[in-house]
Amino acid sequence: MGKTVYFDCFSGASGDMVLGALLDLGLPLDELRGALGSLAIDVGTISAERVLRAGISATKFRILEHTGAEGQERPTGEARHSHSHSHSHPHRHGHSHSHSHEHEHEHEHEHEDHHSGAGRSQTHAHAHGHAHDQGHQHAPPGGGHGHHSLAEIGKSIERSALSPDGRTRAQELFRRLAEAEAAIHGMPVERVHLHEVGAVDSIVDIVGAVFGMEWLGATRVVSSPINVGGGTVRCAHGVFPVPAPATARILRGVPIYAGDVRKELTTPTGALLVTAYADTFGPLPQMRVSRIGYGAGDRDFPQHPNVLRLIEGDEGAEGASERIVMIECEIDDMNPQLFGPLMDRLYANGALDVYYAAVQMKKNRPGTLVTVLAPPDRRDALSGVLFTETTTIGVRYQDVRRERLEREVITVETAVGPVRFKVARRHGRVMNASPEFEDCARAAAERSLPIKDVQALAMKAWLDRAQS
């Protein structure tokens, strides 16, 4: 199946954690700098260093602002939640060690937990003279932390060094982030003021991750369920539980959970990147591991490694193994005539295999166990068929793995004419060869022979051919 990458989000995810993990896997920092430089946006100076998180060595991705003769580190996690509004008045950002943001807004948004888990220290408040306790401030527009409209970001991406597919992907990610904010605030996406979505750190995270994933060249991406952390987020409109509104919106349809750490562990951009690339969510696939990368968040929790782990491997290394879903239900009150059309409908909607088995159900009633095997992305559609076409009121499902032999159909000349054989191999060795029943039945009818005799003649021809 080629190269598979597994996002192990046991400590959540943020944009800088994704970049740190990609760098830890081997993404050249100079190539990342070149890709970001092609945007023609002042992103400051990016760097990476080795750090320890609960004893685990990881790569910490950092952004340094340009502040005159010397650079000053800007918090490098995702501390913004894109609380976007349709204001058109200017923003004034002062840069001092108090990390206070002088936004010209009357409203206030403040994160009580300081986003200490995920990546960049993410305390933010949109209010007059509110202060952050992380020890840094945003640079003025035109410096390392200016804001850019969605249109400006699009133009920068179009002239970047990303591939055509990468440019399209990056544009879609920014659009999706803006749409999440628009939905939260109840306004058209065109009216969303991207003073956070368009912040330089978000641009670095998204464009850098798109470039890094292209460099990685994975043919399949799988993610674990995502740990969003715990605690609350206090905003002007009230106190919200983690995940924050934008993060929760982006994670719709994705398996998430709250762990023991009472801090926000998954940020909007982290959620955006993981959900954009992951094909499925579940346990670690069977694979032969080749590389492992760890991307560090800002905080170092004593008993919890605050890292995002990327595991790269080859799923094809252990035979043709693949993940499928098994859907089941028992039925004891349906007209038996409906089982035939049901099977046809299930196959038409993408089932790989369907079979029925007799079972004895409660109240000693005979019933039928319906089992459907399918690709994971067909689970919802096939469950819908079962609910629509049968009398069941519930289905269960589980992820399973299957290994298939390599298959080939060849034609063998026999004493009764050509017969097709289905030949199955494992690691190049023939494990099974079976004549097609339809060909044997046709030859038997043409020559007025028993089908079992034609099958025997076909197998003899196959053995003679294999031994010659």
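This is a predicted model: local features need pLDDT of at least 70, side-chain atom pairs count only at pLDDT 80 or more; totals for chains, interfaces and linings use all residues.
The chain contains 11 helices together with 21 strands. When the contacts in the chain with a separation of 6 or more are considered, residues 24 or more positions apart account for 71% of them.

Empty space around the atoms was examined next. Rolling a probe the size of a water molecule over the atoms shows where such space is left. In this model, the largest pocket holds about 390 Å³ of space. Its lining is made up of 16 residues, and those closest to the centre of the pocket are Asp-279, Thr-280, Phe-281, Pro-376 and Arg-379. Two or more lining residues are given by each of four elements, namely strand S12 (280-281), strand S15 (320-331), helix H9 (379-389) and strand S18 (396-404). The largest share of the lining, which amounts to three residues, comes from S18.

Two individual residues were then considered in turn. Ser-11 is located in the loop that lies between strand S1 (3-8) and helix H1 (15-25). Because its relative accessibility is 0%, and buried means under 20%, Ser-11 counts as buried. The side chain of Ser-11 is joined to that of Asn-306 by a polar contact of 3.1 Å. When residues up to four places away in sequence are not counted, Ser-11 touches Asn-306 and also Met-17, Asn-227, Leu-265, His-304, Pro-305 and Val-307.

Thr-59, by comparison, is found in a strand, S3, which is formed by residues 56-67. The relative accessibility of Thr-59 is 6%, and therefore this residue also counts as buried. A polar contact of 2.7 Å joins its side chain to the side chain of Arg-50. Beyond residues up to four places away in sequence, the residues that Thr-59 touches include Ala-48, Glu-49 and Arg-50, as well as Gly-20, Leu-23 and Asp-24. Tyr-294, Gly-295 and Ala-296 are likewise among the residues touched by Thr-59.

Note on methods
Residues are numbered from 1 along each chain as its sequence is written. Side-chain values use heavy atoms; hydrogens and water are left out. Contact means heavy atoms within 4.5 Å. On a 1 Å grid over the protein atoms alone, a cavity is a set of points where a 1.4 Å probe fits but cannot get out, and a pocket is an open set with protein on both sides within 12 Å along at least five of seven lines; lining residues have an atom within 4 Å of a point. Grid points are joined across faces, edges and corners, and a volume is the space filled by probe spheres set on the points. Buried means under 20% relative accessible area, exposed over 50%, partly exposed in between (1.4 Å probe, protein chains only). A polar contact is a pair of N or O atoms within 3.5 Å; within protein, one must be able to donate a hydrogen and the other to accept it, and residues adjacent in sequence count only if both atoms are side-chain atoms.
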